[in-house]
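I set down each item as I looked it up.

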Amino acid sequence: MTEKAKIILPDGQSFDFPVLTGSEHEKGIDISSLRKLTGYITLDPGFVNTGSCESSITFLDGEKGVLRYRGYPIEELAEKSSFIEVAYLLINGELPKKDQLENFTNRINLNSMIHEDMRHFFEGFSQNSHPMVILSAMISSLSAYYAEASGKASIENLEINSARLIAKISTIAAFSHKKSVGQPFVYPRDELSYSANFLNMMFSVPAESYELDPVIEQSLELLLILHADHEQNCSTSTVRVVGSSMANVYASVSSGILALWGPLHGGANQQVVEMLQQIHEDKAGISKYIEKAKNQDSSFRLMGFGHRVYKNFDPRAKILKVACDKLLNKLGTNDPLLEIALELEETALTDDYFIERKLYPTLDFYTGIMYRAIGIPLNMFTVMFALGRVPGWIAQWKEMHEDPKQKIARPRQLFTGHTRRSYTTITERH
Ligand code: CMC
């Protein structure tokens, strides 16, 4: 028998709503008929308590620090898988067999070049343009190049459009870096792994040969895997909301990129390193910043601390802490910012303010240090997040379009403005 939850209205009328149970026993009350039956809506700013969909892609338990893609623990994928395999898993639901992985990889490689005309787009951006703006604009421009993708969403062509997105975002990201440093674009090379190809496009120059460091390649693979999906976060919800209007996958992902850019979301990785740099240059020590973060009158927050859903620890951060140490040791990097980061982490983790509010370091806290060691410039950090998140966005977009229950996203509001009043002419206004 279906479980029911009862809502009793102020006038005493009561209504039953079905209780749904997820595969990990989490409970949800289906209130989709609430307004129709009662005239009431639910109010939940920031959607802290609202499930927008049923999903079988990523499972996250913020209390226990669990993250799984399609059932596979993130720890296992991080150790054993590759980014492209994880992309296949997220989009298609199962780990690929050998031939499936080969076909998927070939399709991505075959689509790594961007249309030559799009090279000129980069010339239109000012030297100081943030690469996230360039990335979003370029990804949305892809709809102009693929006739079957332009206009409304089409699930039939998603296979080819996914390959284009995964492949071209890496080329576009590297080109936008080259534009910002005034170096010639380096074209993709199909024989390289996804991460190696990206590093080559980022760092090689025609004047000298580029030695690819396998330690850096592995670190990048890991970073991309850990970013690949995170269920219904701000940018993923954006991709779903935009896609729900039947906008095509490029338009949806391009919107997701802009949502990701915000400092409270993906932009945090850049902000973390900026904060560490500021603390380093200030030389006043970390306690000043801890106090500032705790001060209710200050808007300052410790970037990289706190998460909407992780209220214990972020399993991605746990993996990265070890990987970060390993990378810096292998590269022999002595980064003063890492010392500050570790001191900050230790102090915050033993401070009542952070303990009571369950504020722990998230993956953004460590990614910045790793990107710095790899040589990725600061303004490209959030682009790296986007590169990793693309398979997740595609998988969520696909799932939404395949779900017969999905409707165009259209939240309600509780109106608190003026009730009806009459227009006054300009001379009557006081
Ligand atoms: N530093 C200091 N205080 C904080 C911080 C922080 N980083 N994060 C939250 N708080 C305090 C906040 O002031 C509030 O205190 P009080 O209850 O006294 O008013 C309490 O903790 C709860 O915060 P909230 O803003 O209501 O929590 P939220 O779930 O709405 O916000 C968050 C989550 C990630 C936006 C927030 O923790 C934050 O701003 N963190 C810093 C930015 C950051 O690192 N973002 C990356 C998120 S992880 C990557 C991703 O998934 O995109």
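I looked up Phe59 and found Arg68 in S5 as its bridge partner. The model is a predicted one, in which local features need pLDDT of at least 70, side-chain atom pairs count only at pLDDT 80 or more, and totals for chains, interfaces and linings use all residues. Residues are numbered from 1 along each chain as its sequence is written, and side-chain values use heavy atoms, with hydrogens and water left out.

I traced S4 and strand S5 (residues 66-69), which pair in the antiparallel sense over 4 bridges. Strands (E, at least two residues) and helices (H or I, at least four) are DSSP runs numbered from the N terminus, and two strands pair if DSSP finds at least two bridges between them. The sheet is open, has 3 strands in the order S4-S5-S6, and its pairing is antiparallel. Strand S4 (58-61) and strand S6 (72-73) are at the edges with a single partner strand each, so one side of each lacks a neighbour in the sheet.

Entry on the sheet of S1, S2 and S3. Here too I noted an open sheet of 3 strands, in the order S1-S2-S3 with antiparallel pairing. Its edge strands are strand S1 (4-8) and strand S3 (27-29), each of which pairs on one side only. On average, neighbouring strands of this sheet are turned by 35 degrees against each other, direction ignored. I then followed S1 and strand S2 (residues 14-21), an antiparallel pair with 5 bridges. In S2, Phe15 is the bridge partner of Ile7, and Asp16 is that of Lys6. The hairpin of S1 and S2 has 5 residues between the strands, and Gly12 takes a positive phi near 90 degrees there.

Entry on salt bridges. I recorded 18 salt bridges in the structure; the term requires a side-chain nitrogen of Lys or Arg within 4 Å of a carboxyl oxygen of Asp or Glu. One of them joins Lys6 and Asp16, whose closest N and O atoms are 3.0 Å apart. This pair links distant parts of the chain, with Lys6 in strand S1 and Asp16 in strand S2, 10 residues apart.

Entry on H10 and H18. The axes of helix H10 (residues 214-227) and helix H18 (residues 363-374) come within 11 Å and cross at roughly 155 degrees. Axes are lines fitted to C-alpha atoms, for helices over the stretch in contact, and angles run from 0 to 180 degrees between N-to-C directions. H10 and H18 are therefore roughly antiparallel (an angle over 145 degrees). Their crossing is left-handed, meaning that the near helix is turned anticlockwise from the far one by less than a right angle; clockwise would be right-handed. I listed the contacts (heavy atoms within 4.5 Å): Ile216, Ser219, Leu223, Leu226 and His227 in H10 meet Leu363, Thr367, Met370, Tyr371 and Ile374 in H18. These residues divide into 7 nonpolar, 3 polar and no charged. Ala, Val, Leu, Ile, Met, Phe, Trp, Tyr, Cys and Pro count as nonpolar, Asp, Glu, Lys and Arg as charged, and the others, Gly among them, as polar.

Entry on H10 and H19. The axes of H10 and helix H19 (residues 381-402) come within 7 Å and cross at roughly 65 degrees. H10 and H19 are therefore roughly perpendicular (65 to 115 degrees), and H10 passes H19 in a right-handed crossing. I found Leu220, Leu224 and His227 in H10 meeting Met384, Phe385, Leu387, Gly388 and Arg389 in H19. The residues of this contact divide into 5 nonpolar, 2 polar and 1 charged.

Technical notes
Angles under 35 degrees count as roughly parallel, over 145 as roughly antiparallel, 65 to 115 as roughly perpendicular and the rest as oblique.
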